[in-house]
Amino acid sequence: MKTTKINKYRLQFNMKNIGKMLIFGALTLGTVSCEDDLMLEPENNITQTSFYTTELQIQQAVSGVYSAMINASSRGGFDVNFYLLASEVRSNNYNAILQNGNRDYYAINRFQDTSSTEEMQVLWEDAYQMITYANKILSRIDEVPFANTATKEQYRSETRFLRAYAYFELMRSFGKVPLVTKPVSPEEAAQIQRTDLATLYDFVTSEIEASVGGLKDIYDNANKGRVTKSAAHAMLGRIYLTGSGYPLNNSSYVAKAKDHLFTVIQGEGQFVTFAPTYADLFKSANDNKYHIFEIQHISGGLSQGSYLPSYVSPNFGTADPLYNAQSSLYSASELGVSQSLINAYEPGDLRKAVTVKTQFIAANGQPDNANYFIKFREPGKVITNRYDWPINFPIIRYEDVLLMYAEVLNTQGSTSAAVPYVNKIRQRAGLTPLSTSISASDFTTALRKETRVEFAGEGVYWHDLVRWNIAVSVINQAAADLNYNYTITTNDYLYQIPLSQIQLGGYEQNP
């Protein structure tokens, strides 16, 4: 569902009015007139009381919740902020080579970020913006007449899913966060404190569980990209598996993860599709074909494009096959793929050439040897600027479901039954299948390596390291190998709560 294709309307976010709003502003966006935060063209004197009163307005508002994930400003969308900077760059897949005072990736990569790091404020604001839009819809939708009750339940379910998803990303970044489920006044917002992790997990999982019934299995072409039942089951599998690991360590979640993941697998060929090649997964022509849930992007100067490819890949010269006009590198030679990730690929792994490039022709026409991500870059694409890439970003895809399910089976002692799910992915990558007689311990090692290379550049690996509680050993070893003068502890698994929130909300800071 490209949000630019909603009848004759086009969603626009007036970011000058959002700017650096803190949670108190974000939580009360619903108390100001609608034109201040979500503008719809053509405007018809929309007011707080007149909007959210018709089926069309609810449809438009739900599209606004989806749009909160997209690149609505030069800051980027969730793909850049949550999955690249806060996750991928945090892991040892990236190596911040040089420090640029205008960018946060060096501090994040070297664990030098603080409560004053701007990116932390961006994460907080972006997620609560999405939550605020959702809360407003859910507070008004019951009063709105719909021609079809199923459509109303679909919109309600999509909104509940998206709100829960935003909370999950906040939880993975900050741990305890304020739980707000309705529009609130500034006075009420000032009284809301951080909610404990167990309660947050209960809320997030119960919301998505409740949304499944109202969601569709598949959508027509005009609505591709909306949340499906498979997306809800896949996300529940991820959330439950995350909650079964560090720091919550709720072992009862493992069985629940297994059930939801298997539900997705049962729908292969009907509701989910396993791509024939790895390269097929990362072509804009295949948007909404292979991924289970993805951030929607479209080019054409509509402020709906991605700038992740320009953020992570160099300014290729015109002689390089990956040259695209208007796609200059945002981080220059300051942020590159680690040699550790390069070494993780087995000989003959077809995913490597799709994911990284180790030599290119520079703008000066000379060859340059450096490691960069190219997974989301498309040769020949014409874009209006470096923020205009059309390719969607996968939030969760079928391969993640297969590997998580294999992990659960191995954890439950069914290693031989888990092997085929990993081999399905390895065989597509051109690798030798694992033996069904592999030990549980060796399978765990193989699975974790498989996860790293399969999802390199997608923001999955760091969160896996945390839930497995091996990030301390992995990151400290990587730092030692590179002679970096730092070590981390489990306290570094979470980011610091933004200082502005501490000052205004009186929250306790993460250790």
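Reply: S303 is placed in the loop between β6 (291-295) and α11 (308-312). The model is a predicted one, in which local features need pLDDT of at least 70 and side-chain atom pairs count only at pLDDT 80 or more, while totals for chains, interfaces and linings use all residues. Residues are numbered from 1 along each chain as its sequence is written, and side-chain values use heavy atoms, with hydrogens and water left out.

The phi of S303 is near 60°, a positive value in a residue other than glycine. S303 counts as partly exposed because its relative accessibility is 49%; buried means under 20% relative accessible area, exposed over 50%, and partly exposed in between, with a 1.4 Å probe and protein chains only. Q326 also has a positive phi, of about 65°, although it is not a glycine. Q326 is in the loop between α11 and β7 (335-337), and with a relative accessible area of 49% it is partly exposed.

Another loop residue is I391, found between β9 (367-373) and β10 (393-397). With 3% relative accessibility, I391 counts as buried. Leaving aside residues up to four places away in sequence, I391 touches F282, K283, S284, D287, H297, S306, F376 and E378, where contact means heavy atoms within 4.5 Å. I391 and Q296 are 95 residues apart in sequence, yet their C-alpha atoms are 7.8 Å apart in space.

The chain as a whole provides the setting. The protein chain has 19 helices and 10 strands, and 62% of its 511 residues count as buried. Of the contacts between residues at least 6 apart in sequence, 71% join residues at least 24 apart.

A further loop, between α9 and α10, contains P247. The peptide bond from Y246 to P247 is cis, with omega near 5°. Axes are lines fitted to C-alpha atoms, for helices over the stretch in contact, and angles run from 0 to 180 degrees between N-to-C directions. The crossing of α9 and α10 is left-handed, a term used if the near helix is turned anticlockwise from the far one by less than a right angle, clockwise being right-handed. Residues of α9 in this contact include H233, L236, Y240 and L241, which meet residues of α10 including Y253, A257, H260 and L261. The contact of α9 with α10 divides into nine nonpolar, seven polar and one charged residues. Here Ala, Val, Leu, Ile, Met, Phe, Trp, Tyr, Cys and Pro count as nonpolar, Asp, Glu, Lys and Arg as charged, and the others, Gly among them, as polar.

Both of these helices are also partners of α8. The buried residues of α8 pack against α6 (149-174), β4 (177-178), β5 (194-195), α9 and α10. They are L197, L200, Y201, F203, V204, T205, E207, I208 and S211. The 15 residues of α8 (residues 197-211) should span 21 Å at 1.5 Å a residue, and the end C-alpha atoms are 21 Å apart, which agrees; the expected span is 1.5 Å times one less than the number of residues.

Elsewhere, α5 (residues 118-140) meets two other helices. With α2 (residues 55-67), α5 packs at an angle of about 160°, their axes 9 Å apart, which makes α2 roughly antiparallel to α5. This crossing is left-handed. The contact is made by I58, A61, V62, G64 and V65 of α2 and M130, Y133, A134 and I137 of α5. By class, the contact of α2 with α5 has eight nonpolar, one polar and no charged residues.

Helix α3 (residues 78-88) packs with α5 at about 135°, with axes 10 Å apart, and the two are therefore oblique to each other. α3 likewise passes α5 in a left-handed crossing. The contact is made by F78, N81, F82, L85 and A86 of α3 and E119, V122, L123, D126, A127 and M130 of α5. The contact of α3 with α5 has eight nonpolar, one polar and two charged residues.

Terms used
Helices (H or I, at least four residues) and strands (E, at least two) are DSSP runs, numbered from the N terminus. Angles under 35 degrees count as roughly parallel, over 145 as roughly antiparallel, 65 to 115 as roughly perpendicular and the rest as oblique.
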